[in-house]
Structure formats: structure tokens, C-alpha cells
Amino acid sequence: MSCKAVEEGVYLIDTYALNVPRYIAVYLVAGVKGLALIDSGPSSVAGRVVEAVKGLGFNVNDVKYIVLTHAHMDHAGGAGLLVRDFKEAKVVVYERVVKHLVNPVKLYEGFKSLFGEELTSRYGFFSPVPADLIIPVKGGEMFDLGGVALTVISTPGHTPHELSITVGSGSIFVGDAVGLYLPDADYYLPATPPGFNYEQYLKDMEFLKGLNPKKLYFAHFGSPPNPLKAIDECVKTVEEWRRYVIEKSKAGFTLEQIVNAKAEEIRVKAKLPFELAKLLTLMNVTGLTAK
Ligand SMILES: [Zn+2]
């Protein structure tokens, strides 16, 4: 487990989910009146997240909010477990997924059908969140932690219920809204699962750039050196993948052939284990070929 302050009052917790370092981050924001977690991580790492908060010297009862950037399993699967330890915490999520968070069967099955049983089980189960602990949002809401506030913005390109969260300093937690940043390789990857909306994504990126963020905090993983350049790089990589997938599909290649060809390239360039590179490629190609 590694935790570090990334700016005053903001901490990055490396969850080591799937035993891969620097792949899934959870962030902690500390104000004088309370704490907020940005994402829970999957349920398999819930214990580590609780230990990390304690290890940073905070009281578990000071966690007031667990803000979910979106309800994919790697970001939200552990929320229902965390609220057992963070007894004062409410879970903040986009309003239209509240019912699925209360009964996450659909979220779990959707994830499993894309990523397969093996990987899904390594993330643990999708823990349900009691309805009375959920605060539904749709963008525009503000959460005051005392001396620092979080503001929710809707960035629905990655998935229709994706939220980004600005923190008082001018930095933005972007979940998967922009894409993936692999810090070890200084490499960007698209995050275009089924549900991805290309035109909306381009609008989201213009909107985020207009906010002139001080830093971008990616869930996968950390903050790239130059926020505006990072957005441009991500847009470029999405456009390249999109062109590639459309071209190959037109030429009659099957989904499997496209994925296999691309996954090896990603393993090398992104410095990821092959299995993970393949799954991310599958996610992206599936989303880009979906009608
Ligand atoms: Zn993700």
C-alpha cells in the first residue's frame, strides 16, 4: 500500500487492485470539517482503503462522503463495504444509477459479460449500498468539507453517469472521463467501454479544458505532468483507436482479431501485464464498435 499527499489536503491511495501497482487509485480529500473519498475502488481492496485512511492519521468517523465518479466495479464495487467502517459516510453517485447501487446485480453482470468471470472475481463482489446512505446528484452540487469544497460536474462521454469532481484548489478528479494514464510508461489509453459516446466525450474534453485545471487526477492513475496536454493526448489516442477499429471492421476483421493485434502493442507501450492489456483493449474495441 502506498499513500502520498499530492497537494495540500489531497492524498492518493494506491489500492494495488489485481496486485498491479499504480493501476487503480482512490483519492482522499481532507477539510477541517471532514473527509471525502473519491471512488471506493473494488470490494477486494476495501480493507486496504480503510487501513490507508487510518494510516494517514485520520479518524474513520470523519469520512463524510464517498463520491463515486461512476458505478463501474473497479471504482464503486467496494462502497457498500466501506460504509460499514466509515459509519458517518454517505455515498454520492449520479442519480440514475442509485437503484443499481442498491441492488448491483446488473452492474456486476454487465462488468462480468465484458471482462469475464476470472477478472471480475478478482475485483471481489459488487457490494450493495443501503438506499438511505446514498446522495443522488446530477452535476452542480457542492460538498463543503470545511476550508475546501468539492463540486460535482457531469462528464457523460465515458459512460452516461460519469461524474468529475473539482476541488477548491482548481484540480479535478476525472475518474475515467478523460481516459487512462499509465505513469510508468507515461502513456495514454482510451477508456471507451460499451456506453461510450464519442461526440459527448469531445464536448466533455472541451469543457474540462475550459476549466483550466491545475491538475487532473485519473483513477487509472495519478496526475500527468501537464493537464491540458493530457486531455489533448487522450483525445488523440481515442481518435486513433476509433479510426483503427473502423478500418479493421470494414476490412472484415473480427473483434477477436482486432483485439489480439492491438493488445500486444498495448502490453509493450503501456508496460502492463498482457492479461490486463488484453482486457483493456477488449473494453475499448467493444465500445468503439458498438452501434
Ligand atoms: Zn475504470
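Predicted model: local features only at pLDDT ≥ 70, side-chain atom pairs only at ≥ 80, totals over all residues.

Colleague: What is needed in general to describe two packed helices?

Modeller: Two packed helices are described by the angle between their axes and by the distance between those axes. The contact involves Leu255, Ile258, Val259, Lys262, Ala263, Ile266, Arg267 and Ala270 of helix 8, which meet Phe274, Ala277, Lys278, Leu280, Thr281, Leu282, Val285, Thr286 and Thr289 of helix 9. Sorted by class, this contact of helix 8 with helix 9 has 11 nonpolar, 3 polar and 3 charged residues.

Colleague: How many residues does helix 9 have, and how far does it reach from its first C-alpha to its last?

Modeller: Helix 9 has 16 residues and reaches 22 Å between those two atoms, close to the 22 Å expected at 1.5 Å a residue.

Colleague: Which residues of helix 9 are buried, and what covers them?

Modeller: A residue counts as buried if 20 or more other C-beta atoms lie within 10 Å of its own. The buried residues of helix 9 include Ala277, Leu279, Leu280, Met283 and Leu288, and their cover includes helix 5, strand 13, helix 7 and helix 8.

Colleague: How does helix 7 pack against helix 9?

Modeller: Helix 7 and helix 9 pack at an angle of about 70 degrees, with their axes 10 Å apart. That angle makes helix 7 roughly perpendicular to helix 9, and the crossing is right-handed. Trp241, Arg242, Val245 and Ser249 of helix 7 make the contact with Asn284, Val285, Leu288 and Thr289 of helix 9, and the residues of this contact divide into 4 nonpolar, 3 polar and 1 charged.

Colleague: Which way does helix 6 run beside helix 7, roughly parallel or roughly antiparallel?

Modeller: The axes of helix 6 and helix 7 come within 10 Å and cross at roughly 170 degrees, which makes helix 6 roughly antiparallel to helix 7. Helix 6 passes helix 7 in a left-handed crossing. On the side of helix 6 the contact is made by Tyr198, Tyr201, Leu202, Met205, Leu208 and Lys209, and on the side of helix 7 by Leu228, Ile231, Val235, Val238 and Arg242.

Colleague: What span should helix 7 have, and which of its residues are buried?

Modeller: The 24 residues of helix 7 should span 34 Å at 1.5 Å a residue, and its end C-alpha atoms are 35 Å apart, which agrees. Its buried residues are Pro227, Ala230, Ile231, Cys234, Val238, Trp241 and Val245. Among the elements that cover the buried residues of helix 7 are strand 12, strand 13, strand 14 and helix 6. Helix 7 is followed by Gly252, whose phi is positive, near 95 degrees.

Colleague: What should I expect of phi and of peptide bonds in general?

Modeller: Most residues other than glycine have a negative phi, and most peptide bonds are trans. In this model, Asp39 has a positive phi, near 70 degrees, and Asp186 also has a positive phi, of about 50 degrees, although it is not a glycine. A cis peptide bond joins His220 and Phe221, with omega about -10 degrees, and Phe221 is found in the loop between strand 14 and helix 7.

Colleague: Where do Asp39 and Asp186 lie, and is each of them buried or exposed?

Modeller: Asp39 lies in the loop between strand 4 and helix 1, and it counts as buried because it has 29 C-beta neighbours inside 10 Å. Asp186 is in the loop between strand 12 and strand 13, and with 12 C-beta neighbours inside 10 Å Asp186 counts as exposed.

Note on methods
Residues numbered from 1 in each chain as written. Axes fitted to C-alpha atoms, helices over the stretch in contact; angles between N-to-C directions. Helix = DSSP H or I, 4+ residues; strand = E, 2+ residues; numbered from the N terminus. Parallel < 35°, antiparallel > 145°, perpendicular 65-115°, else oblique. Left-handed = near helix turned anticlockwise from the far one by under 90°. Contact = placed C-beta atoms within 7 Å. Nonpolar A, V, L, I, M, F, W, Y, C, P; charged D, E, K, R; others polar. Expected span 1.5 Å × (residues − 1).
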